[in-house]
Amino acid sequence: MYSPETTKYLIHLTLQIEGVVDKPDVVGAIFGQTEGLLGEDLDLRDLQRTGRVGRIDVQITTKRGETKGEILISSSLDRAETALLASSLETIDRVGPCTARVKVDRIEDIRVTKRRKIVERAKELLLEDFDEGAINSDDLLDEVREVIRIEKLEYLGEERVHAGPNVMASDAIIIVEGRADVINLLRYGIKNAVAVEGTHVPRIIIDLCSQKTATTLLDGDRGGELILRELLQIAEIDFVAYSPRGKSVEEMSRKEIVKALRNKVPAEVITAPSPDDEGGERLPACAGPAEVQVPAGEDERSPHRQRNRREESRKPASTLGEHMADVRDKKIARFLSPDYTVLLESNATDVEGALQNLNGDVEGLVVDRVIDQKLLDQLGGRDLEFVAARDFKGIIKRPLSIRLIKIG
């Protein structure tokens, strides 16, 4: 029986037939017109039976009364025998009742092809898959510090939820979704985070919320919204912080985390979104900073602390809540940058026109008017993170990429 592993050569033949035929007709012509042509030792049927020649692969197409195609035959014969077999196939001049022409296109050495692939793959492995030998001391220090922070994880309550080392001692806690979120906050020196571990809120979380100032920082996806709805119903949540839409807390940078916590909003004025809600979350007019702790052992002169101070110095003066308070009942609209500075201010009735003249990276819109589906579709084309408006009416298709916020 023929084994593909023993293949040495692949014979490529072109086929042209003046008429319409099927594959079995071509295969029959090959066996019929080569039978006895090269003697018993090179008879095609015997070669296939002994495993020295593989199956005959015929690929043909018919168009305008003509049939064209390709014949592939794999061989484990030596070079001379393979060449002799290939040339014998060119003697085929009929397929069924139709005139035919068969020509050897090339004889491919499979071993050469394999060697070429091996060399190319070896180049890729050499360039990409070898571990770098150079030692970076900063990377080693970061890896050691990461282990220390992970080892500081604590397990609270009967459910053994993951938490930072300062949760029990702190007056405030930050509720996140899972272990990876707690570790990411630890990485940036925030040690009072605790993981809710899914939509079934553990009893320890409910107890902690009743004793401490509780802020939620959940993923910016559907799962995060569901957990927020449950927390608002069964736990005493004080503030809600939002991560960027579509981004998980474990992926957030320190700057994004600080920004989200700085713009947290009181929970009592939030209407948790429901599955069929055509509007959005209701946010208040102001927001304060969350508790962010500096990692132990890092003084004011440390590079980590100095970097943090530089980031703090770049914080914008305005918060989202302040912008919402400014536009309320004034019939104005503000397009905000990622750091919440005003890129463009216009009349609330001229948002559509302002969109045409808007330049720069736009984070969101705060406007004192009702948003309808037509305007929301236009805003969706600018990749905004949020739209804060007086109300949302006639919204049939709510975009997943934009957070809709009702100005309280």
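A cavity is a set of points, on a 1 Å grid over the protein atoms alone, where a 1.4 Å probe fits but cannot get out. Grid points are joined across faces, edges and corners, and a volume is the space filled by probe spheres set on the points. The structure examined here is a predicted model, in which local features need pLDDT of at least 70 and side-chain atom pairs count only at pLDDT 80 or more, while totals for chains, interfaces and linings use all residues. Residues are numbered from 1 along each chain as its sequence is written, and side-chain values use heavy atoms, without hydrogens and water.

One cavity of 30 Å³ or more was found. The largest cavity holds about 110 Å³ of space. Its lining (residues with an atom within 4 Å of a point) comprises 15 residues, and Leu218, Asp219, Leu228, Tyr242 and Arg403 are the closest to the centre. Two or more lining residues come from each of strand E10 (213-218), helix H8 (222-234) and strand E11 (239-242); helices (H or I, at least four residues) and strands (E, at least two) are DSSP runs, numbered from the N terminus.

Helix H8 deserves a look of its own. Gly224, Glu225, Ile227, Leu228 and Leu231 are its buried residues (under 20% relative accessible area, 1.4 Å probe, protein chains only). These buried residues line one face of H8, because they fall within an arc of 165° seen down the helix axis, the arc being that of the directions from the axis to the C-beta atoms.

Turning to the loops, Asp329 lies between helix H11 (320-327) and strand E14 (332-336). Asp329 has a positive phi of about 65° although it is not a glycine.

Terms used:
1 Å grid on protein atoms, 1.4 Å probe; cavity = no way out; pocket = protein on both sides within 12 Å on 5 of 7 lines; lining within 4 Å. Buried < 20%, exposed > 50% of the residue type's maximum accessible area, 1.4 Å probe, protein only.
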